[in-house]
Amino acid sequence: MVKFSFPSLLDIVNPRLNQFRFQDTYMSNQEDLPTQTGYAVLNIPGKDPIKLPILKGTMGPEVIDIRELGKKGYFTYDPGFVSTASCMSRITFIDGNKGILLYRGYPIDQLATKTNYLQVCYLLFKGELPDKAQYAAFENRVKRHTLVHTQMESLFQAFRRDSHPMAVLCGVAGALSAFYHDSMDIYDPQLRELTAIRLVAKMPTLAAMSYKYSIGQPFVYPDNSMNYAENFLHMMFATPCEKYKVNPVIAKALDRIFILHADHEQNASTSSVRLAGSSGANPYACIAAGIASLWGPMHGGANEACLRMLQQIGSVDRIPEYIARAKDKNDPFRLFGFGHRVYKTFDPRALVMRDTCHEVLDELHITDNPALHVATELEKIALNDDYFVSRHLYPNVDFYSGIILNAIGIPTSMFTVIFALARTIGWISHWNEMQTIKDSRLGRPRQIYTGREMRNVKAMSRR
Ligand code: CMC
């Protein structure tokens, strides 16, 4: 049989890619693995004791390795995965009790003030901050992928004019899988990196297109002479007949919002991406799964829900009514922008966001924003109220981000889209990492079945 040898697809796509090839070394060294510190012994009456290894990562609590339990005929029950580590990861670390958030070991406040979003993307995906030359090459690569296929434009036309931009983004991000499927080999590290570059480059374009479509304006193409945040503002607010003058303070604030949202360990949307990816699915389709999961008001949708709530409260004198509703267990209402599954002292992102919020409002000379008045007062009241204090419910990142975005002129329905845009690098970094970890397996949780026992089907005449 004649064997054909094809040039590597990457070499066809872009011969210069080889220059930036990513070293696929994750989890290949012994020091990347957790150490075993001992055993926990599980005693089930009438059964032999079960020895379960206790593992310790670089930082964070010890973890009981329960993988053997299933073989012994037991499952564990943990709704919401409150006590479950689903994977090993080297990307992000959170200590919720101390209010610590690290990307690849770097504190979030330092990254927010000393780097920019594209440097953070490089860091999350590759593991180290870029030097000058690496950054220039990376930025250049991202810029060369900002355009989307013109056929994508016709996809937008299929959506209702008044579609929520998250609905549109979910659809068009998933549709990228149709454009880049045959060329996708998830076991090829260079193609995985190209996927990450494409996503980081195209998400602002798609996000801005979702907005332009919803207001009936023509799409504005990316301008690669601008930096990442400036370009997004340009695509959002310029028109073919009028340029948009980007305010550098606003662009910097937006870039900081991107950094603060870039990753957050194994949250609902990242876990959705990992779960979808565990079956070997196309990565763009996995990102669409992440976008869907992010949309809900308990997760990324909280920024939109929070601003709507502040507007609904409307004035400071109505705050007690809403505080009472948030405490009432018969009322499903919650104070959006308060509380977090992991942070129990403060959300370190919220501290940076709070400062940025004041910078933006000062720059724009906004002193009489009603939502801001309500937010400031609500924060004061909730932080002194026993219900919130005893449950460790503090303002989270979404409490302030909505106020900033609103001041910049971003419509409320776009808030979660911006979160999705920024989180895309986190999702794809986790997806990439899971392809390289030996322990990665198809995600397949079990359940406690509480339905009917086995029974026979009766003929319809006897039912
Ligand atoms: N308002 C009123 N009560 C609350 C709130 C809130 N925002 N958050 C939690 N509680 C109460 C809850 O009712 C429960 O009370 P009790 O112990 O009396 O039953 C207790 O606090 C613990 O809440 P939980 O629902 O068991 O906590 P969780 O870890 O499952 O939920 C959360 C975390 C973020 C979903 C929740 O705090 C919430 O719904 N917050 C509002 C939505 C929000 O702002 N989400 C954005 C999170 S930050 C962005 C991101 O990372 O996604």
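Start at the ligand: one of its oxygen atoms sits 2.7 Å from a polar side-chain atom of Arg341. (A polar contact here is a pair of N or O atoms within 3.5 Å.) On its own the ligand exposes 940 Å², and the protein buries 77% of that, going by Shrake-Rupley areas with a 1.4 Å probe.

Keep in mind that this is a predicted model, where local features need pLDDT of at least 70 and side-chain atom pairs count only at pLDDT 80 or more, while totals for chains, interfaces and linings use all residues. Residues are numbered from 1 along each chain as its sequence is written, and side-chain values use heavy atoms, leaving out hydrogens and water.

Now for the wider surroundings. There are 21 residues around the ligand, and His299, Arg334, Leu335, Gly337 and Arg341 come nearest; a residue is near if one of its heavy atoms lies within 4 Å.

Note on methods:
A polar contact is a pair of N or O atoms within 3.5 Å; within protein, one must be able to donate a hydrogen and the other to accept it, and residues adjacent in sequence count only if both atoms are side-chain atoms.
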